[in-house]
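My entries are in the order in which I made them.

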Amino acid sequence: LQGIFVLGLPYALLHSGYSGLLLIVLAAALCCYTGKILIACLYEENEDGQQMRVRDTYEDIANVCCKKLPPSLGGIVVNVTQVVELIMTCILYLVVSGNLLSHSFPYVPVTEKTWSVIAFVTLLPCIFIRTLKIVSKLSQLCSLVHFVIILVVITYCLTQMHQWSWAKFRLSLEFEDFLVSIGVIIFSYTSQIFLPTLEGNMKNPEEFRCMLNWTHFFACVLKTTFALTAFLTWGEKTKEVITDNLPSFLETPVNLCLLTKALLSYPLPFFAATEIVCSCISKGSHSNSRSPLLALTVRGSFLLLTLLMAMFTPHFALLMGLSGSVTGAAMTFLLPSLFHLKLKWKKLTFLEKCADVSVFILGFLCSLAGIVCSIKGLLEVFG
């Protein structure tokens, strides 16, 4: 729930004003809701009225919902969408790592791309990650580093409390800037891709809904506090990545913490993407066991792919925005609400149906707006 996007929340407030505070709360509620209905699609009632887990993955849900279409088409579409989003996320972490190293050591005569290669070398052990247990430990360290960064920024902002002014909030908004803010806020909460695996690995899956409520609640409180204190401190001077606003004596250590966070964040989407591909290949070969050589080949290929795209893809940020608007909105809003309506229609109340339809429409509009803005940016870049 706490990603690199969080560092852009103060900048989002700059362009969304008071409505941005409402959006942070609304996005938490919506993402929490779609997470719950997605997991609900994994279960069916047995003859005794008890909920039984009959599906394991996002792919299984898609295949059931699209069973009247060509075989496995729904699962293929979902898997491709998931892998694209996960790989783009991995590439983003590499690009960010190169950028952070370049800014942390400006006097070293090394290009940003070379720094990305150096960061990539530290990620080579990912090829040997075989279980989610290792990934979870790295994610715990990542969360710890993230809280350190947030704590440092908030502490510094509190020392500047004497210059805070609510007059810094905008009353008039630019429509395109507002759309960018929506994208940053919403996608700072997205985690739906990982939820079926997470819920399936919980010791007490019945506590999943409670866990989701509390994590989104605390994430909302933390993000609101962080975004508000940072924006009140720098106002119109707020930069896209808030750590760039910090004084020089804090900027370099915080950038190194960010680098650590980016590198520790990489294994989770990388592991998820390779597991999806390995599972698909194993099913395609009708084999019940997975070859260790196959797993190593897929992981090695994905590692190399992320490096090559980070090195040679021009205007990656705009392409990331375009793919994120399509894949992010689809996996977070469109598909969970659509699948929930399809599988649970007869058991849903009128209000639940209205909620699912509303989420679908909202997700479609956000996706469409993001696509238009990203394509416009690409057209401007390419003249």
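**Entry 1: basis.** I am working from a predicted model, in which local features need pLDDT of at least 70 and side-chain atom pairs count only at pLDDT 80 or more, while totals for chains, interfaces and linings use all residues. Residues are numbered from 1 along each chain as its sequence is written, and side-chain values use heavy atoms, with hydrogens and water left out.

**Entry 2: salt bridges.** I asked how many salt bridges the structure holds. The count is four. The criterion is a side-chain nitrogen of Lys or Arg within 4 Å of a carboxyl oxygen of Asp or Glu. As background, side chains of opposite charge can pair when their charged atoms come close.

I looked up Arg55 and found its side chain in a salt bridge with that of Glu44, at 2.9 Å from N to O. Arg55 sits in the loop between β2 (51-53) and α3 (58-65) and Glu44 in strand β1 (residues 43-45), so this pair ties together parts 11 residues apart in sequence. I take helices (H or I, at least four residues) and strands (E, at least two) as DSSP runs, numbered from the N terminus.

I then found Glu44 in a salt bridge with Lys344, where the closest N and O atoms are 3.9 Å apart. Lys344 belongs to helix α13 (residues 316-344) and Glu44 to strand β1, so the pair ties together parts that are 300 residues apart in sequence.

Glu44 is partly exposed at 22%. The cut-offs are under 20% relative accessible area for buried, over 50% for exposed, and partly exposed in between (1.4 Å probe, protein chains only).

I also looked up Asp56, which forms a salt bridge with Arg53, the closest N and O atoms being 3.1 Å apart. Asp56 is partly exposed at 48% relative accessibility, and Arg53 is partly exposed at 28%.

**Entry 3: α4 and α10.** The axes of helix α4 (residues 73-104) and helix α10 (residues 248-265) come within 9 Å and cross at roughly 160°. Axes are lines fitted to C-alpha atoms, for helices over the stretch in contact, and angles run from 0 to 180 degrees between N-to-C directions. α4 and α10 are therefore roughly antiparallel to each other. Angles under 35 degrees count as roughly parallel, over 145 as roughly antiparallel, 65 to 115 as roughly perpendicular and the rest as oblique.

I noted the crossing of α4 and α10 as left-handed; that applies if the near helix is turned anticlockwise from the far one by less than a right angle, and right-handed applies if clockwise. The α4 residues in the contact (heavy atoms within 4.5 Å) include Tyr93, Leu100 and His103, and those of α10 include Asn255, Leu259 and Ser265. By class, this contact has eight nonpolar, six polar and no charged residues. Ala, Val, Leu, Ile, Met, Phe, Trp, Tyr, Cys and Pro count as nonpolar, Asp, Glu, Lys and Arg as charged, and the others, Gly among them, as polar.

**Entry 4: α1 and α9.** Helix α1 (residues 9-16) and helix α9 (residues 208-234) pack at about 65°, with axes 8 Å apart. That makes α1 roughly perpendicular to α9, and their crossing is right-handed. Leu9, Pro10, Leu13 and Leu14 of α1 meet Lys223, Phe226, Ala227, Leu228, Ala230 and Phe231 of α9. The contact divides into nine nonpolar, no polar and one charged.

**Entry 5: α3 and α4.** I found the axes of α3 and α4 within 6 Å, crossing at roughly 145°, in a right-handed sense. Tyr58, Glu59, Ala62 and Asn63 of α3 meet α4 residues including Gly74, Val78 and Gln82. The classes are four nonpolar, five polar and one charged.

**Entry 6: two threonines.** Thr225 is in helix α9 and is partly exposed at 35% relative accessibility. Thr225 and Pro10 are 215 residues apart in sequence and 10.0 Å apart in space, C-alpha to C-alpha. Thr114 is in helix α5 (residues 112-122) and is partly exposed at 36%. The C-alpha atoms of Thr114 and Lys168, 54 residues apart along the chain, are separated by 40 Å.
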